[in-house]
Amino acid sequence: PNSVGGEGLNIDIEGEEFPYPEYLEGIIRGINQYFRWTGDPNLETEVAFYIERDGSVRGIQTKRRSGNFNFDVAAITAVEEAGKRGKFGSLPKDFGRDRLGVQFTFIPSK
């Protein structure tokens, strides 16, 4: 799969590029809007999920745990909240698939 992104975001699409940088930036902004963490800054967790055609979120799961339960929950909650509040928006019209697989690595800002 191709991985693109930056700032902790990997978009995995088998065999094709996802040429919509502004949509990717919107995903990062949406998640960052709801991610709250004031504890240990030396943690990292990876959360995977799908964005459906209508912008809703499905299949959220932790791919790599941080070892801190509360940090992992904060990461999952950020994705859930952004999805519930429609922060990602519908997938780009000319994107040829019904959903987009996303892996997001959460690393607290120091």
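This is a predicted model: local features need pLDDT of at least 70, side-chain atom pairs count only at pLDDT 80 or more; totals for chains, interfaces and linings use all residues.
## Ground rules

Local features here need pLDDT of at least 70 and side-chain atom pairs count only at pLDDT 80 or more, while totals for chains, interfaces and linings use all residues. Residues are numbered from 1 along each chain as its sequence is written, and side-chain values use heavy atoms, with hydrogens and water left out.

## The overall fold

The protein has 2 helices and 5 strands, and from the N terminus on they come in the order β-β-α-β-β-α-β. Both kinds of element are DSSP runs numbered from the N terminus: helices are H or I with at least four residues, strands are E with at least two.

Of the 110 residues, 43% count as buried (under 20% relative accessible area; exposed is over 50%, partly exposed is in between, with a 1.4 Å probe and protein chains only). The accessible surface comes to about 6,300 Å², and 45% of that belongs to carbon and sulfur atoms (Shrake-Rupley method, 1.4 Å probe; for residues, only the protein chains shown count as cover). Take the contacts (heavy atoms within 4.5 Å) between residues at least 6 apart in sequence: 67% of them join residues at least 24 apart.

## The nonpolar core

The largest nonpolar core has 27 residues, and those with the most contacts inside it are Tyr23, Ile27, Ile31, Phe49, Phe88 and Phe106. Such a core is a set of buried Ala, Val, Leu, Ile, Met, Phe, Trp, Tyr and Cys residues joined through side-chain atoms within 4.5 Å. Helix H1 (21-34), strand S3 (45-52), H2 and strand S5 (99-106) each supply at least two residues of this core.

Ile31 shows who meets whom: leaving aside neighbours within four places in sequence, Ile31 is in contact with Phe49, Ala78, Val79, Ala82, Phe88, Phe104 and Phe106. Gly30 sits in helix H1 too, and counts as buried because its relative accessibility is 2%.

## Rings

A search of the whole structure turns up 9 aromatic pairs. Rings of Phe, Tyr and Trp (its six-membered ring) pair if their centres lie within 6.5 Å; planes under 30 degrees apart are stacked, over 60 edge-to-face, and the rest tilted. Phe104 and Phe106 have ring centres 4.8 Å apart and planes at 55°, so this pair is tilted.

Elsewhere, Arg99 lies over the face of Tyr50, at 3.6 Å from the ring centre. The test for that is NZ of Lys or CZ of Arg within 6 Å of the ring centre and within 35 degrees of the ring normal.

## Ser66 and its loop

Ser66 is found in the loop between strand S4 (57-64) and helix H2 (69-84). Ser66 is buried, since its relative accessible area is 18%. Its side chain makes a polar contact with the side chain of Asp72 at 2.7 Å, and a polar atom of that Ser66 side chain lies 3.0 Å from the backbone nitrogen of Asn68. A polar contact is a pair of N or O atoms within 3.5 Å; within protein, one must be able to donate a hydrogen and the other to accept it, and residues adjacent in sequence count only if both atoms are side-chain atoms.
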